[in-house]
Amino acid sequence: MQQVIDYFESINPILAALYATLFTWGLTAAGAALVFLFKGMNRALLDGMLGFTGGVMVAASFWSLLAPGIEMSPGEGFVKVVPAAIGFLLGAIFIYGLDKILPHLHINFKESEAEGVKTPWHRTTLLTLAITLHNIPEGLAVGVLFGGVAAGFEGASIGGAVALALGIGLQNFPEGFAVAMPLRRQGLSRYKSFLYGQASAIVEPIAGVLGAWAVLTFQPILPYALSFAAGAMIFVVVEEVIPETQQDKYTDIATMGFIGGFIIMMTLDVGLG
């Protein structure tokens, strides 16, 4: 692992953000590829996976984003937390706007419960766009953190950025499976189910590169940018992920999945950061 950290320290931060988010995209594709091996998915397993995703995102929001953002903010007392509060609110508002505009359908919901602008798009597209909405703040978070390290901000470290990419990648693996398998149940071929599943994370490298570039270009925004990504992820968890796990009788399994995801992400960040 130290060799990985040393390598990321030696390359351009925008390139590092690209590689890290290509890794998270790759794990989404690996998860979606399980559709070639399995004929179906147990509903309890799906809810547990979604809970795990939520736990990783919540832990990453605090340990990898909010805490470093507050630490590197100037001032003392209440003044020190202002950038984090503003960035967090703006991130939530940003995803709220996308949630109202982008047509999408949660995995465990009926087609009549699709959100966003009404369109004639097929259920498969709407399911993919729902996971895409999850992945925008994840890619942004990785890119912003790598940019912050390169900018020399205290509280941002390559180890922390690598830990965040690992955590996001780990939860992307079941996420890829969670979107590919329902598509397979809808009657799509295994190949098309895989394509849609991996495509849901294609926004991560784009958001990662944009996040790193923005921080390097406008360095004073870093505390706001870290908190922005955190606010976006928390909104996704509360608005999108948790409701998806509450549509059946496996809520306890989803909750334990959440706890497991939180512990793993917290451990990665503290251990590597």
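Predicted model: local features only at pLDDT ≥ 70, side-chain atom pairs only at ≥ 80, totals over all residues.
Let's start with M233, which sits in helix α9, residues 222-244. Is M233 buried or exposed? With a relative accessibility of 0%, M233 counts as buried, because the cut-off for buried is under 20%.

What does M233 touch, leaving aside residues up to four places away in sequence? The list runs M57, A60, S61, L65, P137, E138, A141 and I168. Take M57 from that list: M57 and M233 are 176 residues apart along the chain, yet their C-alpha atoms are separated by 6.3 Å.

## Aromatic pairs

How many aromatic pairs turn up in a search of the whole structure? The search finds eight. One of them joins F36 and F194, with 5.7 Å from centre to centre and 45° between the planes, and that pair is tilted. F36 lies in the loop between α2 (13-32) and α3 (43-71), while F194 belongs to helix α7 (residues 190-199), so this pair ties together parts that are 158 residues apart in sequence. As for accessibility, F36 comes out at 40% and counts as partly exposed, whereas F194, at 18%, counts as buried.

Then there's the pair made by F62 and W63: their ring centres are 5.2 Å apart and their planes meet at 85°, so the pair is edge-to-face. F62 has a relative accessible area of 43% and is partly exposed; W63 is partly exposed too, at 28% relative accessibility. Elsewhere on the list of aromatics, Y7, F8 and F146 form one cluster.

Helix α10 covers residues 251-272, which makes 22 residues. From its first C-alpha to its last, α10 reaches 32 Å, close to the 32 Å expected at 1.5 Å a residue.

Which residues of α10 are buried? They are A254, G257, G261, M265, L268 and D269.

Note on methods: Residues numbered from 1 in each chain as written. Heavy atoms only, no water. Helix = DSSP H or I, 4+ residues; strand = E, 2+ residues; numbered from the N terminus. Buried < 20%, exposed > 50% of the residue type's maximum accessible area, 1.4 Å probe, protein only. Contact = heavy atoms within 4.5 Å. Phe/Tyr/Trp six-rings, centres within 6.5 Å; stacked < 30°, edge-to-face > 60°. Expected span 1.5 Å × (residues − 1).
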